[in-house]
Amino acid sequence: MCAASLGMWRVFHKEGIEISLAVGCSGGSLYAAAIALGYELEAVEEMSRKMWSSDLVEGYIPNLRAAMSGERRFTEKSGLVDDRPLLEVLQAIFGERKFSEAHIPLYIVSTDLYSGDSVVHASGRILDAVRASAAIPMIFAPWEVEGRWLVDGAVSNPLPIDVAIREGAGLIAAMGFELPTRSRMRSYTAATTHFNSLYMNNILKARFAFYNAVHHAEIIPILPDFDRPVGGFDGHQVPYLIEKGAQATEEKLPYIKRLLASSEANIP
């Protein structure tokens with residue numbers, strides 16, 4: 001679903017709206033980094049179609065069965081899929097590029113595996129930060145950065161508005177995604193996925209409500225409405241996600257333009 005952020009990027013680019021700060025977590029960290037490094041939008045769209053494919057999670061079902069039966073040993077540092085395909089993609093995109101090479105300030109959020117604390121990356125290799133932030137619990141193994149084992153940034157901060165506020169952003173376009181829920185659950189995995197979605201969606205709503213209420217920064221929620229099921233690794237649906245992201249941004253565009261016209265703020 002994070003590929004929908006490319007729709008927001010496309011609208012801003014078309015309208016000549018400059019992005020002055022990029023903050024991302026989970027799958028969104030990939031797009032925040034691409035924006036900050038100055039990648040061409042079309043190249044990132046093509047990259048997304050190739051990256052988010054079922055190849056990334058090959059072996060998930062048999063590995064899950066083996067882990068649940070005890071046939072395969074599973075610890076907090078395990079993952080149900082081989083992360084080498086993911087690393088190959090990230091290496092091809094970012095190589096050894098560092099935060100210092102970004103054209104605009106870039107911040108990526110991950111989560112400390114043991115404490116649950118939110119970790120903000122602003123230096124070092126971008127690949128390490130993105131790999132850590134995209135480490136979906138149980139799917140991809142945690143990633144070690146400077147002696148800390150890190151997982152998906154969405155675990156602690158699914159909408160890192162606070163990072164943008166702390167860095168002085170006055171106008172924040174915050175794209176978030178509610179995870180899909182289920183009306184029927186016919187397996188243990190389905191029920192677990194459903195309740196995890198409820199947890200994450202409530203955290204997302206609570207964080208947005210809190211920061212919108214207590215901070216003076218203008219926070220504009222951009223929440224795409226998906227009218228069909230979208231899996232996390234449905235690369236063929238990237239064009240659909242981008243279009244939905246663009247539609248959600250277009251709806252808020254008149255308000256964004258009014259704010260920009262009345263202030264000197266840039267959209268982060």
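Helices (H or I, at least four residues) and strands (E, at least two) are DSSP runs, numbered from the N terminus. The model is predicted: local features need pLDDT of at least 70, side-chain atom pairs count only at pLDDT 80 or more, and totals for chains, interfaces and linings use all residues. Residues are numbered from 1 along each chain as its sequence is written, and side-chain values use heavy atoms, with hydrogens and water left out.

View A. Glu243 and Arg10 form a salt bridge (a side-chain nitrogen of Lys or Arg within 4 Å of a carboxyl oxygen of Asp or Glu), with their closest N and O atoms 3.1 Å apart. Glu243 belongs to helix α9 (residues 238–262) and Arg10 to helix α1 (residues 5–15), so that distant parts of the chain, 233 residues apart, are linked. Glu243 is partly exposed, at a relative accessible area of 37%; buried means under 20%, exposed over 50% and partly exposed in between, with a 1.4 Å probe and protein chains only. Arg10 is partly exposed as well, at 31%. The structure holds 13 salt bridges.

**View B. Salt bridge between Glu96 and Arg125.** The N-to-O distance in this salt bridge is 2.9 Å. Glu96 sits in the loop between α5 (84–94) and β2 (106–112), and Arg125 in the loop between β3 (118–121) and α6 (126–133), so the pair ties together parts that are 29 residues apart in sequence. Glu96 is partly exposed, with 46% relative accessibility, and Arg125 is also partly exposed, with a relative accessible area of 23%. Asp128 joins Glu96 and Arg125 in a network of salt bridges.

**View C. Salt bridge between Lys244 and Asp227.** The side chains of Lys244 and Asp227 meet at 3.3 Å, N to O. Lys244 is in helix α9, and Asp227 is in the loop between β7 (218–222) and α9; the two residues are 17 residues apart. Lys244 is buried, at a relative accessible area of 14%, whereas Asp227 is exposed, at 56%.

**View D. Strand β2 and its partners.** Seven of the seven residues of β2 are buried, so this strand is largely enclosed by the rest of the structure. Strands pair if DSSP finds at least two bridges between them. Strand β1 (residues 22–25) runs parallel to β2, with four bridges; Gly24 has Ile108 of β2 as its bridge partner. β2 and β3 run antiparallel and are joined by four bridges, with Val109 opposite Val120 in β3. The hairpin of β2 and β3 has five residues between the strands, and Gly116 in this hairpin takes a positive phi near 80 degrees. Strand β5 (residues 148–151) is antiparallel to β2 and joined to it by two bridges, Val151 of β5 being the bridge partner of Thr111.

**View E. Second largest pocket.** A pocket is an open set of points on a 1 Å grid over the protein atoms alone, with protein on both sides within 12 Å along at least five of seven lines; lining residues have an atom within 4 Å of a point. The volume of the second largest pocket is about 320 Å³, a volume being the space filled by probe spheres set on grid points that are joined across faces, edges and corners. The lining counts 16 residues, of which Trp9, His13, Ile19, Ile35 and Tyr39 lie nearest the centre of the pocket. Helices α1, α2 (28–37) and α3 (41–51) each give two or more residues to this lining, and α1 gives the most, with three. Nine lining residues are nonpolar, four polar and three charged. Ala, Val, Leu, Ile, Met, Phe, Trp, Tyr, Cys and Pro count as nonpolar, Asp, Glu, Lys and Arg as charged, and the others, Gly among them, as polar.

View F. Leu41, Val44, Glu45, Met47, Ser48 and Met51 of α3 are buried. Down the axis of α3 the buried residues fall within an arc of 165 degrees, so they line one face of the helix; the arc is that of the directions from the helix axis to the C-beta atoms. Exposed residues Glu42 and Lys50 are carried on the face of α3 turned away from its buried side.

**View G. Largest cavity.** A cavity is a set of grid points where a 1.4 Å probe fits but cannot get out. One cavity of 30 Å³ or more is found in a search of the whole structure, and the volume of the largest cavity is about 40 Å³. The largest cavity is lined by Ser26, Gly27, Ser29, Leu30, Met51, Trp52, Leu86, Leu90, Val130 and Ala134. α2 and α5 each supply at least two of the lining residues. By class, seven of the lining residues are nonpolar and three polar, with no charged residues.
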